[in-house]
Structures are given as C-alpha cells and as structure tokens.
Amino acid sequence: DTGPAPRRPSSNSGGGTWDCTGEIDRAALSRVLADNRSQFQSCYERRLKASPFLQGSVNVQMRIAANGSVDAVQVGGSLHDREVFACVRAVASRLQFAHVTGGNCAVIAQPFSFTPQQ
C-alpha cells in the first residue's frame, strides 16, 4: 500500500505519481517564480475586469520532471474562478526549472493571494 493518493482538485493536468523524492534548488525556484509573477498576476487581472470584487488565494502544486520541466499541475484555493485557475495552470505548465536532484521528480507548492488594488 502506498498510502492515500493526493487530493486531486477538478482543475488538474497530468497523471502519474506525485510521490517524488527529488529536490529543486530553492534560490533557483524562487527566481523562476519571481520572474513569472507578472504572468500569474495577469491571469487574475483579466478576470478582475469582469468581476471587480474577485479575490482569494490560488494554490499551485507542480510536479517537476528530472529535466526541470513541469509535467503536471494542480490548482485550487479560495478564489474559485475556473478561468483564473485554467490560466494559472497554463502559465505554471510552461515554467522551466533547474534539473531535479536526488530523485526522478520533485513536487513544489506555491500559494498566490489576489486582491483588487485600492
């Protein structure tokens, strides 16, 4: 028995196991996420025009393959907007990280908090 499977929100992509033993360099990880922050923000801002009170969190979980590419993404959170989730999932799936060390894949989680600018 491998234990319980991870919770799979309805907005996920990619199959396979999420039991990864590898790691990604934290500094490199932070740099990639910071470099792409504006793309994640754009997902939210596009929907904000149609729904001016839209706010909440988006939690992104990515499975990183040994070569550093994202091969699966799960998105959830309190924002509850399918279009934002789909956009964030698409942005996350295009990210490229450093090669995974110590295993065949790595799983990372990144929360984003979105609120309208005052």
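The following legends describe close-up views of a predicted model.

**Figure 1. Overall arrangement of the predicted chain, with three helices and four strands.** Read along the sequence, these elements follow the pattern β-α-α-β-β-α-β. The protein has 118 residues, of which 42% count as buried. When contacts between residues at least 6 apart in sequence are considered, 76% of them join residues that are at least 24 apart.

**Figure 2. Asn-36 in the loop between helix H1 (26-35) and helix H2 (37-48).** The relative accessible area of Asn-36 is 14%, and because this value falls under the 20% limit, the residue is classed as buried. The side chain of Asn-36 makes a polar contact, at 2.7 Å, with the side chain of Gln-39, and Gln-39 is itself one of the H2 residues that meet helix H3.

**Figure 3. The packing of H2 against helix H3 (residues 82-93).** The axes of the two helices come within 9 Å and cross at roughly 160 degrees, which means that H2 is roughly antiparallel to H3. The crossing of H2 and H3 is right-handed. From H2, the residues Gln-39, Phe-40, Cys-43, Tyr-44, Arg-46 and Arg-47 take part, and they meet Glu-83, Val-84, Cys-87, Val-88, Val-91 and Ala-92 in H3. Sorted by class, the contact of H2 with H3 comprises eight nonpolar residues, one polar residue and three charged residues.

**Figure 4. His-80 in the loop between strand E3 (70-76) and H3.** Although His-80 is not a glycine, its phi is positive, at about 50 degrees. The relative accessibility of His-80 is 67%, and His-80 therefore counts as exposed, the cut-off for that class being over 50%.

**Figure 5. Asp-81, placed in the loop between E3 and H3.**

How values were computed: Residues are numbered from 1 along each chain as its sequence is written. This is a predicted model: local features need pLDDT of at least 70, side-chain atom pairs count only at pLDDT 80 or more; totals for chains, interfaces and linings use all residues. Side-chain values use heavy atoms; hydrogens and water are left out. Buried means under 20% relative accessible area, exposed over 50%, partly exposed in between (1.4 Å probe, protein chains only). A polar contact is a pair of N or O atoms within 3.5 Å; within protein, one must be able to donate a hydrogen and the other to accept it, and residues adjacent in sequence count only if both atoms are side-chain atoms. Axes are lines fitted to C-alpha atoms, for helices over the stretch in contact, and angles run from 0 to 180 degrees between N-to-C directions. Angles under 35 degrees count as roughly parallel, over 145 as roughly antiparallel, 65 to 115 as roughly perpendicular and the rest as oblique. A crossing is left-handed if the near helix is turned anticlockwise from the far one by less than a right angle, and right-handed if clockwise. Contact means heavy atoms within 4.5 Å. Ala, Val, Leu, Ile, Met, Phe, Trp, Tyr, Cys and Pro count as nonpolar, Asp, Glu, Lys and Arg as charged, and the others, Gly among them, as polar.
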